[in-house]
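Welcome, and please open the model in your viewer. We will take it one selection at a time, beginning with a place where two chains meet.

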Amino acid sequence: MNRLFKEYEIGDFFDEMFSARGAVRAHYQRLARRFSEMEDGEFDRKRQLAEKSYLNQGITFTVYSGDEGTERIFPFDLIPRIIPASEWEHIERGLIQRLMALNLFLHDVYHEQRIIKEKIIPEEIVRSAKHFRPEFMGFDVPKNIYIHICGTDLIRDRDGVYTVLEDNGRCPSGVSYVLENRQAMKRVFPKLFARYQVRPVDRYAQDLLAVLRHVAPHGNPDPTVVVLTPGIYNSAYFEHSFLARSMGIEIVTGSDLVVTDSLVYMKTTKGLRRVDVIYRRIDDDFIDPTVFRKDSVLGVPGIIEAYRKGNVNLANAIGTGVADDKVTYYYVPKMIKFYLGEEPILPNVETYLSADDKDRKFILENLEKLVVKAANESGGYGMLIGPHATKEEIEKFRAAIVADPRGYIAQPVVLLSRSPSFCDGCAEGRHIDLRPYILCGEKTSIIPGGLTRVALRKGSLVVNSSQGGGSKDTWVLDEIDEPPSQSQSQTQSQVP
Amino acid sequence: MLSRVADSCFWLSRYIERAETNARILDVNMQLMLDFEDQNPNMLQQHWQPVLATLEDQELFNKHHEKITPEAVMEFVTFAKKNPGAIISCIAAARENARTVREQISSEMWEQINRTFLYLRDGMARADFQDSPIDFYRVLVDKLHAFQGTSDATMIHGEGWDFLQLGKYVERADSTSRVLDIKYHILLPSGEQVGGHVDITQWMAVLRSCSALEAYLKTNVGEVTSWQVAEFLILHGEFPRSIRFCANKLNNALYSISGCEVGYFSNEAERLCGMLRSKLNYTTIGAIFDTGLHQFLDETQLSLIDIAGAITETYCRWMDE
């Protein structure tokens, strides 16, 4: 046996691969066997091979600070995260339920606002949400779908319970890594891959295109669909171009589009060509300088007018940010009950609202124990992890919360589950989360798995790529054929 | 096709071709230098100055260097990021353009450009260069040829491909005319040496830098004269780097894009290209030398500039609106 798992420490966390007593979980046994057959150094060679292939393919993201070498590969960990079929089935039901509720909520807040009238959510919370767009009250979107593409972040707590950490209902990114990671794993571990029945993910682009075509204005059966990107210097440009290529459609920047008489056209070598559906990877704020931020050079002047008149559709819709606000998050389980009359399948993390007097008192008294998040930030910014913070940082957040109670929420520190990750020659436990991508069109579908992000810095709970995070391939198994646990093989693969 | 994409394809291709021209010129010049018996600094300076003149890099070079030395010129034209005409800058620019049209070109094409860029950027190229500059330039030209082959074999030969052809042949016609112009300028005044040993070697070098020596020798058995070299590089109908060949290819790509009937024109680029083409198809080397070679080449370069401008005007005029 090689030294990959020799000194593995499970620690006081839920470990995806090992039970608390050190036995390899059933769905990881074949992997444990394959990895233990490897010679020393083989794993590292494979890792280098994978990295080189990412670099050659230009699968990189751009980091804004620092000058030279602004393109980096998103670190990829070769030890996959494996999800048994039964667990996935549970996750899938929970996510579909959640997205249905969010879309019903969006329709409601932009129309009758029943949920406010029936005092489920305070009016103040909706009205003060940074991304709420009152100018779209009463506006109907095709097929009543607001969030077409949702990235919901899940974590597992100490007991392994899948819990929702946040919803990303504006422009969730990362799906290209799901597809590329899978390609890399197939190349690097073809035999291991063949030993598992892993559910494929490669239909994502076709599913996405079907969703975009489904929501074309006026039910147009043959719409022209494009991807709108901020441009090659955007950190997610690789993904934008990847998706356009995989769907076989054009990728455009704001300056490729022009609006005339409230119709959107792209500028082609054969003149202007009408555009019907735009998968936009530009936030609301930047999409139209005549309506939102005047200083935006990325957007398309007049596009919102065209959208209002129903001449073009945008995915996701304008104003979905009110649903992924971190204060709104608190109310999602209530929404599920209110709109669907169901109990939430996936729980939220326990959350305190600093807008609530009682909660705020608790938050301010326990800052050093809590995680505080700004309601409208993403990417791991605007966050305080109490136990890891300095006195100064805590005081800064204290002042910020007092000044703007609506702007923050707090949660207990959740000890994210860990998964063995390759660090410096052997496997070490690192915290992970999971972002599945949910598509809502004619039906709601999720490609099996999603992006497993891993906090590669020792002890870190932050998985964002901008904060030293990496990713893993996520294997959702097709069968429930987990080998019967044999005590013999368990002792063999026990961690010393 | 989006105008921006057409423009990027055009420039992507020009930059690739430009990098290849640079690599080839440096390779040939390096080899020629090794034939010198006398390696005094003056001779070396005289030998390397035309490289800078051909590539129109002279002014910027002078800003950064006091003296022309082989090392300084090779460094400047190969690795100097501050020089927008350097090979590394051309490849970087080609790659930036390729990045914006990744959904148009094949993944294989993108990876070929990206690998070439990483090779130049990450020190492997530098190591190869230090081992043997000649081998290094060959390897580089091979990589760029691989890009051409990959494009041909993996990309749909549709509009995007046509724009790649436009960029390639505009750039190639231009660089052949410049190589010829500069060498002619430098070689001819030394009248006493016409037909001498150095002269033949130099003209052979001109042919080599256009990858034309073997092809030339097949056409003009056993003789290397300035007259015939000029004829070959300007007027040969089938040699892929001759100006006439390039103009014909350029013309084909233009008509393929517009679908216009041959014999007519549907835009200014086609009209100008048709004129250049018929000039090349119906002239003789005698007539060219009568007007003056330099003047002829100068006019050709100006037409190429006009054609490139007309292509942008015709297909990409929306871009800045």
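Start with the contact between the two chains: 20 residues of chain B and 17 residues of chain A take part in it. Keep in mind as you look that this is a predicted model.

Now select the side of chain B that touches chain A. Three elements of chain B each give two or more residues to it: α1 (3-35), α5 (87-100) and α6 (107-121).

Next, hide chain B and look at chain A on its own. In cartoon view, chain A shows 15 helices and 22 strands. Its radius of gyration is 23 Å, close to the 23 Å that the globule rule gives for 496 residues, so chain A is as compact as a globular protein of that length. Along the principal axes, the C-alpha atoms of chain A fill a box of roughly 70 × 60 × 50 Å. Of the 496 residues in chain A, 46% are buried.

For the last stop, select residues 85-109 of chain A, which form helix α3. How far does this helix reach from its first C-alpha to its last? With 25 residues, α3 of chain A spans 36 Å, close to the 36 Å expected at 1.5 Å a residue. Show its side chains and look for the buried residues, among them A:W88, A:I91, A:L95, A:F105 and A:V109. A:R98 and A:N103 in α3(A) are buried too.

Methods. Residues are numbered from 1 along each chain as its sequence is written. Chains are lettered from A and ligands numbered from 1 in the order in which they are written. This is a predicted model: local features need pLDDT of at least 70, side-chain atom pairs count only at pLDDT 80 or more; totals for chains, interfaces and linings use all residues. Helices (H or I, at least four residues) and strands (E, at least two) are DSSP runs, numbered from the N terminus. The expected span of a helix is 1.5 Å times one less than its number of residues. A residue is buried if 20 or more other C-beta atoms lie within 10 Å of its own, exposed if 12 or fewer, and partly exposed in between; C-beta atoms are placed from the backbone. Two residues are in contact if their C-beta atoms, placed from the backbone, lie within 7 Å. The radius of gyration is taken over C-alpha atoms; the globule rule is 2.2 Å times the number of residues to the power 0.38.
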